[in-house]
Amino acid sequence: VLDAVMRETPLHPVVSLRAAFHPLLFRGCNPFAQTGRSKLQNKRASLNQQIIKQMRMRAGAENLLRATSNNKVKEMVLLELSYVNSNLQLLTGELDGLNSSVDVYQNSQETANIPLIALGLKETKEVDFSAPFKDFISEHYSEDGSRYEDEIADLMDLRQACRTPSRTEAGVELLSKYSSHLPLVESRFFSPNRPTGIFFTWYDSFTGVPVCQQNLSLEKASVLFNMAALYSQIGTRSNRQSAAGLEEAISSFQKAAGILNHLKETYTHIPSYDMSPAMLSMLIRLMLAQAQECLFEKTALPGVRNHFSSLMKMAQEAAKVSEIYDQVHQSMIQMPIKDHVPFFWSTMSQVKTNHYRSMAHYFVASALLDHELNPRDDEDQQEKTLSQVYDKFPEGCSPMDILKKKEERDRIGKAHIRRAILGHEEALRIYSLCHNLNKLDALQDILRASHQRSLNKYSESENEEEPDGFVLPSPAKTEHRAEMEFPAAAKVKVTDFFHKLGPVSVFSAKQRWTAPRTVRCRPEDRDVGFTLKGESPVQVVSLDPLCPAAADGLKEGDYIVAVGDTDCKWMSVGDVMRLLKDVDEEGIDIQVVSLMDSNPPMPTKSATFSGNLPKTYSMICLAHNDQDKSSKSRKVAKKSSFLSWGLKNKLKSASTLSLPTADHSGALPWNKPRPTFPSSSPYNDGALY
């Protein structure tokens, strides 16, 4: 079967055979589908590799230029630099063209709507967790790392599958699953005091510049960015000729904006420029603008009634879309965003700003020119509607004057239709300036049809002079507003791959543990000499220093991880008690671990490589003046007295379950609580007992 599959469909270069034949774990991954979108991603990945190669060559040439004093060598290096920079410019231009390829993200049957912009997925390199995680398990958790080969392989296959998610909710679920695993993986293996040696490399989705980090912040942020990108692609492929498709598009763009906003608020120091606060703010506006555009299309989907109030309502909705796209365009042309956003994007937002503004003018003109105030009409309602359309009126005009005076009504209406024609002509002019826009025939047809409709409306009336103080219809009273929405699918419950290591709240990379010790536990008169507390794993408290277990090395505060051959990391106090209850006089071996002193040393440096140029962030000066502080200012912890310790320990033991104890002297009944004993004391153990 495998040979047949290999002959028919070659494997995607980033997906292992194990992941390919793991349908349950990687539902939503489609590495074999050679769609236009996957081909685009492959081209972008190839370009990223070429860009990083040229950037390394440029960095080497610049270093040589600074190091040499030979003029002939300098001339050769400068010539090489000019060649490399030319190649980089060509490659970035080609990448810009790929980012402008919106047609592959649109619905295949979509011909009657203006195309929408989708974000491309960020590319990443493969990561091998196997050797570092096995070493960490052996050194930190004192377990055999080879026992976790399947778990590590599952994690690696899940990450590989996330590089080719399907453009559906299943693809989002796949990314969410990996995103939910990352905090668990971070707690298990990424110690703040010890580098793992694992480097995560992600490419900027706009420039192709790679960013490399050892910590998981870049990985978490990039997965979130790809979730937002996937939602934007789901939105663009929705069928906007149906109400259900428009609802899907609106929800997808709002969810994309919500994830981008969460990314902006949570990860503020990611060195990748596509996730900088300025860029994310622009992308949030873009997603909300497209959601607002879909809301407008949903309102117009059943058809616009040729009624005064309906036309005025549509004018306000169109004005709102134009206003948001104008804000998007203004943010796109600001430096340094202008240098990184494709020219296609800023041109498209400018075209839509003019197009929807012209549509707003057209709807107002239609309402004023095609309708007159009749005795049957509600004057107060129409006056209120007209008042809401404008922030201010031309000088000398009032809402009732426009409604009742036909001359004034026609004059204002013809002024609107002239504004609509000028706006459509400007949109067509801007459209012709962008080479990538010219490939979108559907957009050109819509712009020309809208322009012709305004011309036809204008030809029906005589030319009139435009009134002074004329303004665009106000979008402030729109009924539908796009809002950011953080999807529930972004957080899913997952089962920890490394569940066998024990509860992550206890067995984590932040806490240091001793290697498991074997202690022989032999009961004397049905008493093992200690009590237990906690959930899982259970902890030894109230240890009798004279019991056999204490003599064999058991200490107060130890955690029991195994009783005999039974793993106890996830057992409660009752479960462990049942294992110890029926132990005979020969006893049973238990394995315990002790928490070591976890005072963190000086924080290590975290290196970030962006475009092959290292940027180092360190915190090496946090306590440089500790030696100068007066000893009087230092707080000294006061040791509690033996009596207060005994009271505290007595209260603690009263709230925990304990095994039956026995009084060696016979003065106490066997079922009364035994006095507690400290693990170490300045007094003689025998005298204390």
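Predicted model: local features only at pLDDT ≥ 70, side-chain atom pairs only at ≥ 80, totals over all residues.
Me: What percentage of the 689 residues in the chain is made up of buried residues?
Reply: The chain is built with 20 helices and 10 strands. A residue counts as buried when its relative accessible area is under 20%. By that criterion, the buried part of the 689 residues is 48%.

Me: Among contacts between residues at least 6 apart in sequence, what percentage joins residues at least 24 apart?
Reply: Contact here means heavy atoms within 4.5 Å. Taking the contacts in the chain between residues at least 6 apart in sequence, the part that joins residues at least 24 apart is 76%.

Me: Are α8 and α9 roughly parallel or roughly antiparallel to each other?
Reply: Helix α8 covers residues 217-237 and helix α9 covers residues 243-266, and their axes lie 8 Å apart at an angle of about 165°. Angles over 145 degrees count as roughly antiparallel. The two helices, α8 and α9, are therefore roughly antiparallel.

Me: How many residues of the contact of α8 with α9 are nonpolar?
Reply: The crossing of these two helices, α8 and α9, is left-handed. On the α8 side the contact includes Leu224, Phe225, Met227 and Tyr231, which meet α9 residues including Phe253, Ile259, Leu260 and Leu263. Alongside 5 polar and 2 charged residues, the contact of α8 with α9 has a nonpolar group that numbers 13.

Me: Is α12 roughly parallel or roughly antiparallel to α16?
Reply: Helix α12 (residues 343-370) packs with helix α16 (residues 441-459) at an angle of about 30°, their axes being 11 Å apart. Because angles under 35 degrees count as roughly parallel, the relation of α12 to α16 is roughly parallel.

Me: How many residues of the contact of α12 with α16 are charged?
Reply: The crossing of α12 and α16 is left-handed. Helix α12 contributes residues including Met348, Val351, Tyr362 and Asp370, while those from α16 include Leu443, Ile446, Arg453 and Lys457. With 8 nonpolar and 4 polar residues set aside, the charged residues in the contact of α12 with α16 number 3.

Me: Which residue does a cis peptide bond join to Met335?
Reply: The bond in question has an omega of about 0° and is cis. The proline concerned lies in the loop between α11 (308-332) and α12. The residue joined to Met335 is Pro336.

Me: Where is the place of Pro537?
Reply: The peptide bond from Ser536 to Pro537 is cis, with omega near -5°. The strands on either side of the loop that holds Pro537 are β4 (531-533) and β5 (539-541), and the place is the loop between β4 and β5.

Me: Is Ser142 buried or partly exposed?
Reply: Ser142, found in the loop between α5 (130-140) and α6 (149-161), has phi near 55°, a positive value in a residue other than glycine. The relative accessible area of Ser142 is 29%, and the partly exposed class runs between the 20% limit for buried and the 50% limit for exposed. Ser142 is therefore partly exposed.

Me: Does Ser542 count as buried or exposed?
Reply: Phi of Ser542, a residue other than glycine, is near 50° and so also positive. Ser542 is placed in the loop between β5 and α17 (548-551). Because a relative accessible area under 20% means buried, Ser542, at 11% relative accessibility, counts as buried.

Terms used:
Residues numbered from 1 in each chain as written. Heavy atoms only, no water. Axes fitted to C-alpha atoms, helices over the stretch in contact; angles between N-to-C directions. Helix = DSSP H or I, 4+ residues; strand = E, 2+ residues; numbered from the N terminus. Parallel < 35°, antiparallel > 145°, perpendicular 65-115°, else oblique. Left-handed = near helix turned anticlockwise from the far one by under 90°. Nonpolar A, V, L, I, M, F, W, Y, C, P; charged D, E, K, R; others polar. Buried < 20%, exposed > 50% of the residue type's maximum accessible area, 1.4 Å probe, protein only.
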